[in-house]
Amino acid sequence: SYLFSCKKIDIVQTTTTDVNIYDYLVKNGDKYSEFAKMVQKAGYSDFLNAYGAYTVFAPTNDGVKAFLQDAGKATIDAFTVPEIQNIVKLHLIQDTINTSSFTDGKLPLVTMLGQYLITGVTNTNGASSYTVNRQALIVQPNITLSNGIVHSIDHVLKAATKTVAQTVEANPDYSIFTQALKETGYYD
């Protein structure tokens, strides 16, 4: 008589055990649950949880709460889906960029909203921190995940709403320059 035994074979169905960006936000809800809600409402949780290469500037819960207060909104649900999509797209870049690529100026790639982010360094009380768009500090850089990098920031980034020409025009000190821009056709 023969004895046969079965041996269980573990089959790996994923290429890595590292979590993807959206899973990371959810698993670290004490820091990012509010931003995770924004990503979910925008409809971007699926692709941020799939294969790819992304850089996400993820505002902390305190940063999102401050943003809501500034906007006069009680919760994320007070925003429309297109509004949330635009906010989240400003925080996403379709490639991985870690802080070693940061310069004192714009990043080499645009966000999914189509705007460049500006990085720099600030020194407060002897401690240096990276800044993003002069609006947020990076509180934890280069969190490497299976589908990209997360940089934790302390505020929600706000998109530029004016062109350079409109910004120049808003300053009365540049009224002659504004007139020259318009007369030469460079304003548009």
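## A walk through the sheet and its neighbours

Let's start with the sheet: 7 strands make an open sheet with mixed pairing, in the order β2-β1-β7-β6-β5-β4-β3. Its edge strands are β2 and β3, each of which pairs on one side only. Two strands count as paired if DSSP finds at least two bridges between them. The strands themselves (E, at least two residues) and the helices (H or I, at least four) are DSSP runs, numbered from the N terminus.

A quick word on what you're looking at: this is a predicted model, where local features need pLDDT of at least 70, side-chain atom pairs count only at pLDDT 80 or more, and totals for chains, interfaces and linings use all residues. Residues are numbered from 1 along each chain as its sequence is written, and side-chain values use heavy atoms, with hydrogens and water left out.

Now go to the β3 end of the sheet. β3 and β4 pair in the antiparallel sense over 3 bridges. Lys106 stands opposite Ile118 in β4, and Val110 has Tyr116 as its bridge partner there. This hairpin has 5 residues between its strands, and Gly114 takes a positive phi near 95 degrees.

Step on to the next pair. β4 and β5 (residues 127-132) are also antiparallel, with 6 bridges, and Thr124 has Ala127 in β5 as its bridge partner. Their hairpin has 2 residues between the strands, and Asn125 in the turn has a positive phi of about 50 degrees.

Back in the loop between β3 (105-110) and β4 (116-124), you'll find Gln115. Leaving aside neighbours within four places in sequence, Gln115 is in contact (heavy atoms within 4.5 Å) with Leu90, Val110, Ala159 and Ala160.

Leu90 takes us to helix α4 (residues 81-90), where the buried residues are Ile84, Ile87, Val88 and Leu90. They cover an arc of only 160 degrees around the axis, so they sit on the same side of α4; the arc is that of the directions from the helix axis to the C-beta atoms. Here's the general idea: an α-helix has 3.6 residues a turn, so residues three or four places apart point the same way. What covers the buried residues of α4 includes α2 (29-42), α3 (61-71), β2 (92-93) and β4.

How values were computed
Buried < 20%, exposed > 50% of the residue type's maximum accessible area, 1.4 Å probe, protein only.
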